[in-house]
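Hi,

Here is the structure I promised to pass on. Have a look at it first, and then read my notes below.

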Amino acid sequence: SSAEGSNMYSIYKNTVRRHSGSLRYNEEYFSSTVNLSSTHPGLRCMIARSGNQVAGFAIVARHKKTTYYLHGGTDFSLRNLCPSDLLLHEAILWAQKNGSNCFNLMTSSDNQPSLVRYKEKWGAITRPHRTYTLKMKPALCTTFGIAEWMYNLLPGSVTG
């Protein structure tokens, strides 16, 4: 629902500001993601509550045999309840139940050592690599989709 997306965005925004980061997503993104998760079986948005208050959230997406941890956050005032641990555990169980053989916690920047340690606590393997952010228009997404399809036709390509 829109309210759940709004709650997720609020936690995300407060977390980013607390860590002096820059906002990459807006409230509409989170609301749209929640709405899409109600019809797309490979997308799951989870919320942990303490009474009527949202304590934390996690968003995961499954593609082929890999589940990706896209977003998560905790209301700072309720961090003692450890909602992130509960949500990540639930996300891993959901991934296993749905046939994933890999759970990808995604990249964290070097200037987030506590986040890196948190992911390592769950078994993540840290290694250096580069990531790039590219703003794309819908036509470019189609081009990338065609390129991925063609790549998967190549002998020896990993299709998951």
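This is a predicted model: local features need pLDDT of at least 70, side-chain atom pairs count only at pLDDT 80 or more; totals for chains, interfaces and linings use all residues.

Residues are numbered from 1 along each chain as its sequence is written, and side-chain values use heavy atoms, leaving out hydrogens and water.

The largest nonpolar core has 13 residues. By nonpolar core I mean buried Ala, Val, Leu, Ile, Met, Phe, Trp, Tyr and Cys residues joined through side-chain atoms within 4.5 Å; buried is under 20% relative accessible area (1.4 Å probe, protein chains only). Two or more residues each come from α1 (2–18), α2 (27–37), β1 (43–50) and β2 (53–63), and α1 gives the largest share, five residues. Helices (H or I, at least four residues) and strands (E, at least two) are DSSP runs, numbered from the N terminus. Apart from this core lies another, of 10 residues, including Val-60 and Leu-88.

Now to β2: eight of its 11 residues are buried, so the rest of the structure largely encloses it. β2 runs antiparallel to β1, joined by eight bridges (strands pair if DSSP finds at least two bridges between them), and Ala-48 stands opposite Gly-56. β2 also pairs with β3 (residues 66–74) over eight bridges, again antiparallel, with Arg-62 bridging to Thr-67. Each hairpin has two residues between its strands; Gly-51 takes a positive phi near 65 degrees in the β1 and β2 hairpin, and Lys-64 one near 55 degrees in that of β2 and β3.

Best wishes

Notes. Buried means under 20% relative accessible area, exposed over 50%, partly exposed in between (1.4 Å probe, protein chains only).
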